Amino acid sequence: DAAAEAAEAAEAAAGAAGTTVMAQRFQGAILHGTPNDLVHLIQEHPDFEQHATDPRYYQTPLMLACQHGRAAHAKVLLEANASPDIVPILPEHIAYIGASPPLTTACLHGHPEIVLSLLQHRANVDIMDTHDEMTPLEQMCQGDLTQPNRLAPVQLLCAFGATRRPL
């Protein structure tokens, strides 16, 4: 059957590239599709969080949406029960680079609408990343808060009770 052969070829190419077909489909839906495309994909794969993580970058679909400012897509993922606090466990050979949770990613990339959605879905406001063990607020306070899209995430973090540990 030609369709089965094409699917096998696509999966082999994806495996050779270091990703999975499901991860590629979720990436495409998040980066190039509509939120409705993502809804349909989630309906096909309700276990998406475990199986759509990109093995090249250890990014979950929610982390990808947070990085690229795809607020409507992030909301769809959160409403489908994506964990707002997920941080992938990195393999030992690259664990030194660390991983940032979705809240930190959304803050650092200046996406206050996503920050608000994450916090409304009970993201841990003081979650630490695995690289430098800093909270989102601590990371944001290291930068220039006068830059566009830096102050709004800080204000949201504070409104939801974020604290900064003494240095």
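How many helices and strands does the secondary structure of the protein chain comprise? In this predicted model, for which local features require pLDDT of at least 70 and side-chain atom pairs count only at pLDDT 80 or more, totals for chains, interfaces and linings use all residues. Residues are numbered from 1 along each chain as its sequence is written, and side-chain values use heavy atoms, with hydrogens and water left out.

The protein chain contains ten helices and zero strands, these being DSSP runs numbered from the N terminus (helices, H or I, at least four residues; strands, E, at least two). Of its 167 residues, 42% are buried, where buried denotes under 20% relative accessible area, exposed over 50% and partly exposed in between (1.4 Å probe, protein chains only). The accessible surface, computed by the Shrake-Rupley method with a 1.4 Å probe, comes to about 9,000 Å², of which carbon and sulfur atoms contribute 54%. Among contacts (heavy atoms within 4.5 Å) with a separation of 6 or more, 63% are between residues 24 or more positions apart.

Helix H7 spans residues 102–108 and includes Thr-104, which counts as buried because its relative accessibility is 0%. When neighbours within four places in sequence are left aside, Thr-104 is in contact with Pro-136 and Gln-139.

In helix H8 (residues 112–120), the buried residues are Ile-114, Val-115, Ser-117, Leu-118 and Leu-119. These buried residues of H8 pack against H7, as well as against helix H5 (61–67), helix H6 (71–79) and helix H10 (151–159). Arg-122, which follows H8, has a positive phi, near 65°.
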